[in-house]
Amino acid sequence: MSQKPVVLIAEELSPATVDALGPDFEIRHCNGADRAELLPAIADVDAILIRSATKVDAEAIAAAKKLRVVARAGVGLDNVDVAAATKAGVMVVNAPTSNIVTAAELACGLLIATARNIASANTALKGGEWKRNKYTGVELSEKTLGVVGLGRIGVLVAQRMSAFGMNVVAYDPYVQPARAAQMGVKLLSLDELLEQSDFITVHLPKTPETLGLIGDEALHKVKPSVRIVNAARGGIVDEEALASALKEGRVAGAGLDVYAKEPCTDSPLFQFDNVVATPHLGASTDEAQEKAGIAVAKSVRLALAGELVPDAVNVQGGVIAEDVKPALPLAEKLGRIFTALAGEVAARLDVEVCGEVTQHDVKILELSALKGVFEDVVDETVSYVNAPLFAQERGVEVRLTTSSESPNHRNVVTVRGTLADGTAVSVSGTLAGPKHLQKIVAVDENDVDLALADHMAFLRYTDRPGVVGTIGRILGEVGVNIAGMQVARATAGGDALVALTVDSTIPAGVLTDIAGEIGATSARAVNLAD
């Protein structure tokens with residue numbers, strides 16, 4: 001009789017999780033937060049189920065000689081070294097939709113609580129004070145709600161608050177206006193949203209571009225009666241700037257569930273009666289925890305049976321040709337670069353694969369590129385399976401084309417998109433040499449030859465003397481070292497592109513300064529290390 005696969009449950013999970021696993025596995029338990037207990041316990045298991053307290057890093061993965069699956073019963077994967085797992089051939093799965101309803105409901109609750117001063121009035125009454133006049137609030141009906149980030153959670157909040165009679169507007173450069181109109185939501189620029197909204201709720205991923213997005217400058221553009229809610233990621237709303245705005249009466253109230261540094265038990269924001277604060281409860285409901293446990297249990301069953309796993313983060317499941325595998329990270333990075341260059345999600349997206357690799361099934365390269373396209377767009381973990389759903393939700397038409405012909409390189413992957421205004425944007429890459437060095441070989445119509453790096457920038461401008469020197473000078477002044485640079489142009493004095501790799505992130509303000517000095521028509525930074 002064959003031995004049952006071993007599943008280690010390293011944290012307290014819903015009883016429904018074990019029920020969903022069924023009788024086909026040997027179930028073991030340990031305290032995953034105790035390192036001395038975890039490492040020997042993981043040594044001979046086939047799968048491990050965790051929440052947020054267990055750290056499955058490179059050391060733990062190396063100790064797990066038989067490990068095939070790491071399952072996180074929740075959304076975030078900060079405590080899992082996905083790269084180390086992928087290198088070791090270990091599948092990582094999570095439960096990407098388990099808490100979206102729960103998170104949306106909390107955001108709605110914070111909105112209502114800030115509008116009606118519920119938390120402050122509750123504290124006062126329980127302290128023996130009956131102060132009805134002090135805690136007069138405002139109605140939600142006929143007020144304008146600004147949703148910053150119209151992903152899955154943002155959409156749920158918009159739908160629910162519409163039922164309160166609110167007029168919903170949104171800022172999201174990665175959603176097509178037609179798609180927003182179908183939901184009864186009007187898309188605005190961020191400045192327009194800030195100026196028009198009575199309530200603002202944030203539902204964005206945390207990226208270098210969104211960090212501090214609602215900061216001092218933004219908070220000088222809002223109505224003094226505005227109430228701001230952040231139940232997405234800490235740091236998107238600048239807490240220091242928000243405290244100043246509340247103190248000066250430029251913001252009427254706030255509801256916060258997330259903070260730049262967590263756990264957070266001491267913040268200047270906690271001194272304000274008009275701030276409702278909760279300790280990151282976005283996913284903390286019995287239902288969300290049960291959904292997460294059941295979802296990952298099902299994924300573990302599928303993975304250990306060798307079947308397709310819908311919520312796999314690092315692999316799709318099924319057989320991928322050995323010649324195709326090295327191109328997966330290249331395609332994903334090209335997708336991320338495309339999004340950075342475009343500044344929005346394309347109305348139509350073509351993934352083109354040319355060369356010898358097309359003798360194999362390369363559908364996975366389309367999915368990998370699509371995964372990269374949405375990596376910095378949505379506030380959820382993007383997988384090979386849910387990436388097409390994100391495209392569908394945003395009205396993006398996606399197509400894969402292949403050709404065995406590749407005149408200049410053995411294989412080339414191109415991500416090409418048409419934006420809403422008809423503008424075409426594309427980026428092409430290849431793998432060079434026996435070590436599969438990832439290189440960009442074209443941006444739009446410009447031929448380049450530049451190795452991919454963690455930190456990159458692309459600037460378009462009118463060709464003229466002195467531009468390269470100006471770029472080097474400004475970067476040098478702020479201590480950013482250039483690792484590589486290529487200039488491409490069709491004709492002397494015409495449109496030109498400079499592509500450069502640097503050793504550290506270029507601050508947004510510095511890139512803006514460079515663009516201003518050289519008269520760039522566009523300036524985009526890409527941070528692939530995140």
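1. How many disulfides does a search of the whole structure find? The search finds zero. A disulfide is a covalent bond between the sulfur atoms of two cysteines. Here the cut-off is a pair of cysteine sulfur atoms within 2.5 Å. Two cysteines can still be placed. C30 is buried, with a relative accessible area of 11%. C354 is partly exposed, at 22%. Buried means under 20% relative accessible area, exposed means over 50%, and partly exposed lies in between (1.4 Å probe, protein chains only).

2. A word on the basis. This is a predicted model, in which local features need pLDDT of at least 70, side-chain atom pairs count only at pLDDT 80 or more, and totals for chains, interfaces and linings use all residues. Residues are numbered from 1 along each chain as its sequence is written, and side-chain values use heavy atoms, with hydrogens and water left out.

3. Look at the open sheet of five strands. Its order is β2-β1-β3-β4-β5, and the pairing is parallel. β2 (26-29) and β5 stand at the edges with a single partner strand each, so one side of each has no neighbour in the sheet. The twist averages 20° from one strand to the next. Strands (E, at least two residues) and helices (H or I, at least four) are DSSP runs, numbered from the N terminus. Two strands pair if DSSP finds at least two bridges between them.

4. Now take β1. β1 and β2 pair in the parallel sense over four bridges. V6 has E26 in β2 as its bridge partner. Both faces of β1 are covered. V6 and L8 are buried on one side, V7 and I9 on the other.

5. Helix α12 covers residues 286-304. At 1.5 Å a residue its 19 residues should span 27 Å, and its end C-alpha atoms are 27 Å apart, which agrees. The expected span is 1.5 Å times one less than the number of residues. Its buried residues include A288, A292, V296 and L304.

6. What do the buried residues of α12 pack against? They pack against β1 (6-9), α1 (15-21), β3 (47-50), β4 (69-72), β5 (91-93) and α5 (100-116). Contact means heavy atoms within 4.5 Å.

7. There is also an open sheet of four strands. Its order is β20-β21-β19-β22, with antiparallel pairing. The edge strands, β20 (482-489) and β22 (522-527), each pair on one side only. Neighbouring strands are turned by 15° against each other on average, direction ignored.

8. Within this sheet, β19 (residues 455-462) and β21 (residues 495-502) pair in the antiparallel sense over eight bridges. T462 has D495 in β21 as its bridge partner. Helix α13 (residues 327-342) packs on the sheet, touching β19 and β22, and its direction makes about 150° with that of β22. Helix α16 (residues 467-477) also packs on the sheet, touching β19, β20 and β21. Its direction makes about 155° with that of β20. Axes are lines fitted to C-alpha atoms, for helices over the stretch in contact, and angles run from 0 to 180 degrees between N-to-C directions.
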